[in-house]
Amino acid sequence: MVIQTCLRMIGSACCAVTVLMIGGCSGNYYTANVNGEQKVYRVDEQGGKTLVYETDQQGKVTIYDANDPMAKRQVAAQEAAANLSRKTTERPDQATNGVKRQSTEPIYVDLAPAVLDEQMQKAERAKGAVADQIRSEFVADPMIKLIDRGQERSGLLKPHLSAGADVEVLPKVSLKQAYGIDRTTGKPVKVLAVVFEATITSQTPPATYTVSESGQAQRNLEVSRRFANRVKQVIMDKIGPNIPAH
């Protein structure tokens, strides 16, 4: 496992705890996914929830607390996508109006090495282990093809010689003190959680998405698989159908 053995001191009691909230710089957050819609709540120390923003099935985001750090980050991602869209409109690419990628054609993805927070860096068993763990969830996918970034650890896949990236994925991994629900007592408890986040960007057509997944640090492999599946779902379902043919 990526998380060092010493982190297991959080205790066997954690096995009876369901992690619901991820820790942020200014609070804890709970992400609910219902019928393809995502709702992000801020959670206080008493377990009270405040809706920060929600994303519908079409990717439209509604902000409810503009002063919240998580909401500000989401707004910044939307603004970046809007700026890219304006630039594309001003200098239209021929590929934008051309033939779209067929569903059987691969999608070339530039997967950046994961950025780790200080706590995750300390817990990593070997330098690059977390990045390789995330990358391993993509290399066997039949439709997603990772391109080489010229990194020392890019040996998992030989470079693709002719095509550039259709999509860029920037992952981030953190260890947080988070709130969970003790399934025995039903009360909020503090646990150590691993948090996977990603910004997913398509250049043509311009679009930016963010996803996150969290869970107990002791189950980081399971959490990383769920995280990778959510990233791949965005790439395949929201970006893939609009990518121009190569």
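**View 1. Threonine 210 in strand 12 of the predicted model.** Let's begin with threonine 210, a residue of strand 12 in what is a predicted model. Its relative accessibility is 22%, so threonine 210 counts as partly exposed. Setting aside neighbours within four places in sequence, threonine 210 is in contact with Gln74, Ala77, Ala198 and Thr199. Look also for valine 169: its C-alpha lies 9.6 Å from that of threonine 210, although 41 residues separate the two in sequence.

**View 2. Alanine 207, also in strand 12.** Strand 12 covers residues 207-216, and alanine 207 is part of it. Is alanine 207 buried or exposed? With a relative accessible area of 16%, alanine 207 is buried, because the cut-off for that label is under 20%. Glutamine 78 is 129 residues away along the chain, yet the C-alpha atoms of glutamine 78 and alanine 207 are separated by 8.3 Å.

**View 3. Glutamate 213 and arginine 226, a link between strand 12 and helix 4.** The side chains of these two residues meet in a salt bridge, at 3.2 Å from N to O. Glutamate 213 belongs to strand 12 and arginine 226 to helix 4, so the pair ties together parts that are 13 residues apart in sequence. Glutamate 213 counts as buried at 16% relative accessibility, while arginine 226 counts as partly exposed at 30%. If you follow shared partners, salt bridges join Glu213, Glu222, Arg226 and Arg230 into one network.

**View 4. Two further salt bridges.** Arginine 42 and aspartate 68 meet through their side chains at 2.6 Å, N to O. Arginine 42 sits in strand 4 (residues 37-43) and aspartate 68 in the loop between strand 6 (61-63) and helix 1 (69-90), so this pair ties together parts 26 residues apart in sequence. Arginine 42 is partly exposed, with a relative accessible area of 23%, whereas aspartate 68 is buried at 2% relative accessibility. The other pair, lysine 122 and glutamate 118, forms a salt bridge at 3.6 Å, N to O. These two residues are 4 apart in helix 2, which means that about one helical turn separates them. Both lysine 122 and glutamate 118 are exposed.

View 5. You will find aspartate 166 in the loop between strand 9 (144-146) and strand 10 (167-182).

**View 6. The largest nonpolar core and helix 3.** This core holds 33 residues, and among the members that touch the most others are Ile134, Val169 and Val231. Helix 3 (129-139) and strand 12 are among the elements that give two or more residues to the core, and helix 4 supplies the largest share, with 7 residues. Apart from neighbours within four places in sequence, isoleucine 134 is in contact with Leu111, Ala114, Pro171, Val173, Phe196 and Phe227. A second, separate core has 7 residues, Val40 and Met70 among them. Helix 3 itself is mostly covered, with 8 of its 11 residues buried; these include Gln133, Arg135 and Glu137.

Notes: Residues are numbered from 1 along each chain as its sequence is written. This is a predicted model: local features need pLDDT of at least 70, side-chain atom pairs count only at pLDDT 80 or more; totals for chains, interfaces and linings use all residues. Side-chain values use heavy atoms; hydrogens and water are left out. Buried means under 20% relative accessible area, exposed over 50%, partly exposed in between (1.4 Å probe, protein chains only). A nonpolar core is a set of buried Ala, Val, Leu, Ile, Met, Phe, Trp, Tyr and Cys residues joined through side-chain atoms within 4.5 Å. Contact means heavy atoms within 4.5 Å. A salt bridge is a side-chain nitrogen of Lys or Arg within 4 Å of a carboxyl oxygen of Asp or Glu.
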